[in-house]
Amino acid sequence: SSYEHKLDFKKSKEACLSYIQDAMLQKQWKRAAEFLTYYIESLEKDFSRESVGPSEMIWRMGAEIFCHHSGSSVKEFNSFTEQMKTLGLKRYLKISLEHTFYLLCNGLIDEAYQNLSLAESWRFGEYSATQDEEKKLIQAYKGLLDYYSWCKQKNILLEHGQDGFEDLSVEQEMHNCFRKAAVSLQEIIKIPGVWDLFVKCYVDLLEFYGDHNEAHQVLNEYAYNSKFPANPNAHVYLYQFLKRHGEPKKSLISALKILHDIVPSHELMIEFNTMLQKSKKRKKRRLGLEVIFAALDYAGWKENLKAWSCLARQVKQIVISEKHLDWIKQEWNSRKDWWPAFHFSRYLAKRNWQENESLSYEKAVVAGILLGKDCKYFKYVSHQGCKAQVKRFRILKKFVNKHNPVCLRISG
Amino acid sequence: FVPRRGGMGESWQPADAAAIPLLPPNTTSWIPSLEAQDILYPGALCRKLRTGKSAATLDFTKQLGHFFVDHPEDAFGSMGQLLHQNFFLGNSKLKVSARNSTIRMTALMEEIDRLEARRGCPRQRLVPRLRWFSHLCRDWLFEVPLGLLAECVHEELLLQWANLLFDDSCTGGALAWLPPKDLCTGCLVYPGGRSMNHLYFQDVVLKELPRVQASPAQFELNGRIRQVAAARVDGEDFVGVRSDYHCGVWRVPGRIGAAPTPLQVIRTDVPASCLTVSPHLPGELAVCTQSGAIYLWSIEIGLQRLRHDTQTMFFRDHSSWRWSDFTAHPRVLSCADRTGLQCLDARAPERCHFDLFKVGQEANCQQGERVVLPMYLGRAHPSQHLVTTQFSLYVLDERLPMVPVLKWAHMMKAPPLFSHLTPGGPGRSHKVLLGASRTQELLLLQYRGKRRGLRGGSQSACQLAGSPQKLHSIAGCLPYLPTQLPHHHYLLQQRLGAPAAGLATALQEDGPQESLLVFQLSEAGDIFYQRLTHEAVEPPDPTLRDEAMPSPAVPSPAAALRYRRWLKEFCKGCREQRPHTWPPTFSQKRIFTRRELEIPAGPSTLHQRARQQLRQAMQEGGRIQCWDTLPSQPPLLQLLEPSGGLDPLSARLTAAWSESWCQWWEERSSYNVAQRQQALRERRRRQKRARGRHSLSASFTSSHTYQSELSELSDVPQLPPPPLSPTVLPRETASSPPPSPALDEALLSSQSLRCRGIPKERRKTLRDYLSVCAEGPPEPPEPLASQASQACIPSSQS
């Protein structure tokens with residue numbers, strides 16, 4: 001009966017699909033391509049109501065196969081995507097984007113640009129209306145390509161500029177590119193999302209033309225608009241921008257303070273710490289200590305020599321001056337139950353000593369002060385250091401012995 | 001412009017044709033896990049496929065029946081004892097004195113048995129007697145009120161069905177690899193034993209072929225091991241072991257050859273669903289239970305409850321599965337349920353937490369997508385996490401929560417329950433292995449994430465490298481094992497196809513040659529491995545590169561030897577355990593009184609004759625054609641055998657076998673008149689010739705339709721007899737005794753079948769078989785026809 005026929009068809013369709021998957025997962029692209037030609041038949045009776053229909057499958061698998069198959073050519077891929085576009089009008093723009101990426105990977109930038117402009121101007125009733133987001137993305141990528149050609153023109157001009165003569169037509173074209181890129185990039189930045197790449201390009205454009213206010217505003221918006229997902233990069237860009245333009249310390253610090261709140265383990269925290277250390281305000285120095293302690297909480301910082309030396313220097317200063325011992329005490333309180341095992345175990349002492357002597361020195365300073373002279377880490381490292389006749393370790397030992405009462409106050 | 005996918009991954013070629021056994025099979029018997037057929041109403045699967053509806057019909061009555069039969073004491077204990085005197089199960093008549101207070105149950109039993117035999121028959125009707133009995137006793141016969149019991153059984157069935165669809169108890173996998181501390185001796189931690197409650201620490205030497213060294217350290221636990229998790233802190237390995245109600249932690253010291261020591265055990269009231277070991281601090285673990293509680297478990301301090309919430313985090317989901325893992329900060333734990341992930345600060349769990357991942361729009365999730373397995377990828381990048389769902393895989397960065405850094409649709413048939421990370425060094429890709437349980441799928445994919453660079457844009461630079469790769473499953477090695485007898489083959493297939501239970505990888509560096517060993521554990525407790533060798537240089541020829549993966553077609557001699565050894569052990573195990581592998585049956589003693597079970601003093605003549613014939617038939621390698629002919633006449637019997645085509649019974653059985661019995665029946669009942677007349681004539685003719693020839697073999701043919709034909713057609717005018725069929729060779733024979741009615745009756749009685757030691761399942765078939773002739777003609781219209789019905793029907797008629 002026709003019903004059974006349908007059932008059989010469905011079964012063989014599924015079997016075919018699994019064959020293709022199998023072949024692809026075993027990198028047998030030729031076999032996969034062969035099966036895919038059979039699978040195309042499944043389009044004929046596409047009754048499925050699944051979220052991923054056969055036409056989408058064919059597009060995805062086909063694109064993958066084209067990327068890896070040895071016999072594929074750009075021309076073939078072009079005709080394939082054209083067919084896919086007409087098959088899947090609901091995904092027209094997505095397919096266009098994929099097509100563009102393929103062209104870009106093959107170094108065909110002009111073709112990619114053409115493709116993007118074609119997609120941008122595509123209209124098809126309801127279909128184009130529902131793909132608004134993709135359209136924005138297409139625009140943005142077109143802007144990116146404009147930016148790329150702008151960069152190229154800029155480089156040409158700069159080279160020529162060094163030679164001493166100006167090329168008006170190149171300059172004009174460059175301005176053209178700028179305008180197009182700026183218009184397209186502006187659009188996407190307004191939508192909440194993570195647009196690091198586009199924002200960077202846009203800011204670069206604005207900065208080149210001296211529109212600092214606009215650039216500042218864009219970055220501010222990107223970092224502080226609550227509709228956008230919390231993105232540490234946004235704050236990093238803002239900070240870098242502020243730093244480039246020689247903004248006052250205060251605004252730099254406030255930018256980094258927010259970054260510290262979001263990501264205490266960010267690389268910029270060392271910079272932040274040194275900045276805070278130089279400050280005359282007590283509050284800021286205190287914050288600096290907090291920042292460096294927090295950074296060292298993270299597993300990724302365990303062997304960061306710079307961070308440890310920052311902490312060692314600061315802690316030493318405090319102990320010598322015997323002021324603000326309570327700062328250390330407070331920071332230490334929440335950490336004393338796990339830092340010894342995390343940072344100052346005997347095993348780590350051995351390994352750090354073998355692998356990185358300076359690191360073990362810095363850590364031993366901190367360990368000696370925070371945990372006293374009986375701490376395993378300190379004992380092992382200072383012993384090894386004295387044995388190896390390294391001067392600074394002997395000094396360290398003396399220092400810790402001298403300040404032991406203070407140290408005990410901290411750890412107690 | 002760097003494409004997100006593109007980029008060539010490293011090339012890892014499988015070195016073997018299929019997975020190779022590492023250890024001898026887990027010798028003790030293995031009870032195959034529950035399958036859909038066991039609890040679904042028969043035919044439901046087919047129907048489900050046909051209608052495309054997903055609602056499965058659970059075979060509730062069968063399960064309840066099983067309960068009554070398997071646990072009669074629990075079901076009817078006291079009532080059974082009370083009423084023991086009043087039920088009589090024998091065949092004999094009741095004494096007059098006892099008749100007032102005793103009922104004879106034999107007929108009822110027979111009815112029940114017959115009902116069983118006719119299961120699924122569209123013409124099945126409820127027997128009034130049974131209905132009467134059930135109405136009478138439903139309220140008081142059962143120890144546990146029937147409604148309550150039924151509810152419990154139903155609940156359990158639903159639970160089992162849900163488990164069958166997706167069993168998350170083994171999430172994380174029960175296999176762990178402790179990397180070598182010297183150059184090449186690592187340790188494999190795995191469960192084994194009959195109920196997977198033994199924990200083994202087995203040293204494995206990584207050489208050309210990985211090889212076990214010395215006998216494993218063994219611990220017996222009181223629960224099936226669901227998960228084994230391990231992490232190395234400060235040169236020591238900490239191994240966490242989770243069973244349903246207990247979690248334990250072992251320490252394997254850093255010295256080579258040091259024995260593992262158990263450290264602590266905790267007991268939970270609710271099954272634990274997760275146990276992970278901290279990669280930062282020694283002796284710290286995270287435990288989750290199905291009640292929604294998450295604990296930080298420290299060997300020194302004890303348990304600290306971080307959260308207790310029976311509700312899921314982001315939206316309502318019925319699953320009570322919870323998971324927890326560590327993050328870049330040793331005091332911050334991630335906790336997950338099916339709807340997403342959050343990070344909790346152990347120092348202030350109520351106040352400090354943030355969302356890491358949510359099933360929803362931010363990650364562009366599909367409808368119905370749920371978190372299946374989260375994993376901390378700390379060894380590759382300190383702040384990255386892997387989250388897999390049944391459709392996709394996400395890589396997340398703690399620093400940029402909610403928005404996945406990488407998303408990829410894995411297209412696996414079953415959700416990945418196991419994963420393993422092999423971090424690559426600087427400039428190399430990280431390898432992630434994903435494994436599914438029921439389908440044994442295994443995928444290797446590589447991704448590249450820059451380690452912390454100093455430039456700000458590094459956080460989103462995370463990309464898949466190369467295309468994913470499928471690895472061998474355990475079941476895939478079946479064709480490489482020596483050929484087996486069919487039933488052995490079936491057992492082997494079942495064993496090798498057992499769902500996967502764990503996965504681990506070991507990176508082996510042997511000078512310039514790098515290889516990745518992938519260990520797989522199955523639910524049966526078998527451990528297989530496969531090797532992937534790394535090819536540092538890409539072949540220059542693109543055409544060569546394209547069809548790379550020349551997976552060797554045949555296993556190497558060493559591998560073949562392992563296969564043979566494994567198989568030998570397996571077969572030995574099979575033979576040893578045979579007495580245990582009978583299907584669970586209940587003792588006859590529970591149903592029958594001792595007297596009824598008594599074996600008759602000596603075998604009756606009928607028995608003897610039947611035995612003799614059986615023996616003879618076996619010696620000759622022939623068939624048993626009839627039970628009641630004298631042994632002196634074998635030539636006749638052979639002649640009577642249909643020489644071509646099928647007799648009606650065979651046709652019917654064949655039809656029944658191929659499940660088109662109904663169709664056959666319809667065809668039979670609308671048998672066209674001409675054919676019937678032909679048959680009638682034929683028979684009449686033969687009757688004349690073969691008068692007096694009797695044979696029981698007729699009882700093996702269907703005489704049912706025959707009779708009705710006869711009665712229907714008795715008024716049809718006689719037609720001239722058709723020409724003789726060449727196959728019929730009529731012959732006069734010495735008259736043999738007519739089939740004794742006693743035999744039929746005796747054969748039919750289920751009780752007597754039991755007494756003869758015929759197993760239950762075969763009893764049904766036999767009874768079914770015999771009931772055909774027993775039920776057949778009530779009373780033939782004329783004595784002549786009755787004789788005719790006893791004669792053999794030549795094959796030419798059917």
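Start by selecting B:Ser419 in this predicted model, a residue that sits in strand β25 of chain B, which runs over residues 416-422. With a relative accessible area of 10%, B:Ser419 is buried, and displaying its surroundings, leaving aside residues up to four places away in sequence, brings up contacts with B:Leu373, B:Met375, B:Leu386, B:Leu433, B:Leu434 and B:Leu503.

Staying in chain B, select helix α3 (residues 60-70) together with helix α4 (residues 72-83), whose axes come within 6 Å and cross at roughly 65 degrees. On the α3(B) side the contact is made by B:Phe67, B:Phe68, B:Val69 and B:Asp70, and on the α4(B) side by B:Pro72, B:Asp74, B:Ala75 and B:Phe76. Sorted by class, these contact residues of α3(B) and α4(B) comprise six nonpolar, two charged and no polar ones.

A:Lys257 is partly exposed, its relative accessible area being 31%.

A second pair to select is A:Glu303 and A:Arg351, which form a salt bridge at 2.7 Å, N to O. This pair links distant parts of the chain, 48 residues apart, since A:Glu303 lies in the loop between α15 (282-296) and α16 (305-321) of chain A, whereas A:Arg351 belongs to helix α19 (residues 346-355) of chain A. Both partners are partly exposed, A:Glu303 with a relative accessible area of 42% and A:Arg351 at 27% relative accessibility.

Continue to A:Arg392 and A:Glu357, a salt bridge in which the closest N and O atoms are 3.8 Å apart. A:Arg392 lies in helix α22 (residues 391-402) of chain A and A:Glu357 in helix α20 (residues 357-371) of chain A, so this bridge ties together parts that are 35 residues apart in sequence. A:Arg392 is partly exposed at 29%, and A:Glu357 likewise counts as partly exposed, at 32%.

Finish with A:Asp297, A:Glu331 and A:Arg335, which are linked in a network of salt bridges.

How values were computed
Residues are numbered from 1 along each chain as its sequence is written. Chains are lettered from A and ligands numbered from 1 in the order in which they are written. This is a predicted model: local features need pLDDT of at least 70, side-chain atom pairs count only at pLDDT 80 or more; totals for chains, interfaces and linings use all residues. Side-chain values use heavy atoms; hydrogens and water are left out. Axes are lines fitted to C-alpha atoms, for helices over the stretch in contact, and angles run from 0 to 180 degrees between N-to-C directions. Helices (H or I, at least four residues) and strands (E, at least two) are DSSP runs, numbered from the N terminus. Contact means heavy atoms within 4.5 Å. Ala, Val, Leu, Ile, Met, Phe, Trp, Tyr, Cys and Pro count as nonpolar, Asp, Glu, Lys and Arg as charged, and the others, Gly among them, as polar. Buried means under 20% relative accessible area, exposed over 50%, partly exposed in between (1.4 Å probe, protein chains only). A salt bridge is a side-chain nitrogen of Lys or Arg within 4 Å of a carboxyl oxygen of Asp or Glu.
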